[in-house]
Amino acid sequence: MKKYSSGISFNLISRQKLLELSSEEKLKFILKEVKKGKILVLEYGLTPMEQTNLIEDTMKEIEQDTFIGVEMEGYGQDSPTFFQKLFGVGKRPRMTLIGPADLLHMVKKDNNMIQTKIIPGHGAK
Amino acid sequence: MGLFKKGSLSAILQKIFGKKHAKIGIYGPPNVGKTTLANRILRDWTGDIMGSVSEIPHETRRAKWKRDVKVDNGNSSLFMDIVDTPGISTKVDFKDFMNTYGLSKDEAKRRAKEATEGVIEAIKWLEGIDGVLLVMDSTQDPFTQVNVTILGNLEARNLPVLIAANKIDMEESSPATLKSAFPQHPVVPISALTGYNSDNLYTTMVSHFGKRRRKKRR
């Protein structure tokens with residue numbers, strides 16, 4: 001595994017940047033960054049279909065000695081209100097945290113809070 | 001020539017009264033008891049079993065299926081193709097198999113490689129199924145990303161989901177937590193190991209998966 005002692009990179013990816021990318025581009029971008037050891041906070045998360053595709057892509061990318069997969073945590077999609085539905089607004093993904101599975105660990109998750117911990121010694125600068 | 005083309009009358013009746021046949025996928029994270037449940041269903045309705053079970057995660061690394069399993073709830077019945085899928089996870093670390101379960105390095109690496117292929121295969125099966133029996137471990141926190149992702153995916157496809165809150169024979173199980181976590185779906189507490197409450201599961205399967213429902217296109 002990659003080991004760095006000088007800190008862990010934590011990148012907040014804006015909604016605008018994510019909306020500019022196609023699903024395929026988004027997943028490529030995420031996996032590329034996570035494989036470098038970065039933790040990403042997506043302001044506008046992934047749809048359930050994209051999450052499933054990310055799991056599939058992650059499995060294809062696993063390298064047993066360097067990349068064991070991802071930790072991904074977020075909430076289900078926001079449901080639109082009655083009036084939003086009238087104007088064609090669909091379900092919207094919510095903020096999501098994604099990182100390398102050897103670095104980012106979920107501790108507890110419920111309807112109100114997602115608690116994670118970072119395992120020191122792994123990840124990118 | 002008859003009034004209806006061959007098969008069209010039965011298709012119309014099926015549209016009105018519901019399904020008579022459905023392909024049901026058994027999904028969930030690794031080690032929640034998917035194969036134990038598949039074995040329970042098959043043993044109860046066909047006298048057969050689906051596959052081997054183990055305490056080591058990712059024991060099922062290829063999807064297995066059994067066709068035309070007739071499940072009866074007393075009033076009606078449903079023929080199901082039961083598909084037992086490999087556990088879905090976002091990570092597979094061969095060292096877990098070595099450190100926790102004592103496998104050799106070579107065996108652990110082989111199992112990990114097959115496990116990643118199994119996850120991909122399980123996801124691909126989502127394309128062809130009519131409904132999902134989502135197995136969750138009622139002794140564990142239900143808010144895992146795998147559970148949330150699978151449910152979101154199935155909701156997006158408008159596929160019927162029935163949650164089997166498994167392992168209720170264990171003291172620390174809490175099916176009520178699971179019910180409150182996913183109130184939008186039917187949850188049936190069961191013990192696939194002992195068969196406890198399996199009759200309730202079968203009744204719910206026939207009624208829930210037999211309903212007429214239109215699939216959404218992706």
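Here are some notes on the predicted two-chain model above, going through confidence, each chain's fold and the contact between chains.

1. **Ground rules.** This is a predicted model, so to speak of a local feature takes pLDDT of at least 70 and a side-chain atom pair counts only at pLDDT 80 or more, while totals for chains, interfaces and linings use all residues. Residues are numbered from 1 along each chain as its sequence is written, with chains lettered from A and ligands numbered from 1 in the order in which they are written.

2. **Confidence.** For the complex, the predictor reports an ipTM of 0.84 and a pTM of 0.86. Chain B has an average pLDDT of 87, and 88% of its residues score at least 70 (pLDDT is the predictor's confidence in each residue, from 0 to 100).

3. **Chain B, overall.** You'll find 7 helices and 6 strands here (DSSP runs numbered from the N terminus, helices being H or I with at least four residues and strands E with at least two). Along the sequence they come as α-β-α-β-β-α-α-β-α-β-α-β-α. Of the 218 residues in chain B, 42% are buried, meaning 20 or more other C-beta atoms lie within 10 Å of the residue's own, with C-beta atoms placed from the backbone (12 or fewer is exposed, in between is partly exposed).

4. **The chain B sheet.** Six strands make an open sheet in the order E2-E3-E1-E4-E5-E6, with mixed pairing (strands pair if DSSP finds at least two bridges between them). E2 (64-72) and E6 (187-189) of chain B sit at the edges with a single partner strand each, so each has one side without a neighbour in the sheet. From one strand to the next, the twist averages 25°.

5. **Who pairs with whom in B.** E1 (residues 21-27) and E4 (residues 131-137) of chain B run parallel, joined by 4 bridges; B:Ile24 has B:Gly131 as its bridge partner in E4(B). Helix H5(B) packs on this sheet, touching E1, E4 and E5 (161-166) of chain B, and its direction makes about 165° with that of E4(B) (axes are lines fitted to C-alpha atoms, for helices over the stretch in contact, and angles run from 0 to 180 degrees between N-to-C directions). E2(B) pairs with E3 (residues 77-84) of chain B in the antiparallel sense over 7 bridges, with B:Trp65 opposite B:Val83. That pair is a hairpin with 4 residues between the strands, and B:Gly74 in the turn has a positive phi of about 100°.

6. **The chain A sheet.** Chain A has an open sheet of 4 strands, ordered E1-E2-E4-E3, again with mixed pairing. E1 (10-13) and E3 of chain A are the edge strands, each with a single partner strand, so one side of each lacks a neighbour in the sheet. E1(A) pairs with E2 (residues 39-42) of chain A in the parallel sense over 4 bridges, and A:Phe10 stands opposite A:Ile39.

7. **Where the chains meet.** 21 residues of chain B are in contact with 22 residues of chain A (contact: C-beta atoms, placed from the backbone, within 7 Å). H4 (105-125) and H5 (145-157) of chain B each supply at least two residues of the B side. That side divides into 10 nonpolar, 6 polar and 5 charged residues (Ala, Val, Leu, Ile, Met, Phe, Trp, Tyr, Cys and Pro count as nonpolar, Asp, Glu, Lys and Arg as charged, the others, Gly among them, as polar).

8. **H3(A), worth a look.** Its buried residues include A:Leu54, A:Ile55 and A:Met59. Among what covers the buried residues of H3(A) are H2 (23-35) and E3 (70-74) of chain A, together with H4 and H5 of chain B.

Notes
Two residues are in contact if their C-beta atoms, placed from the backbone, lie within 7 Å.
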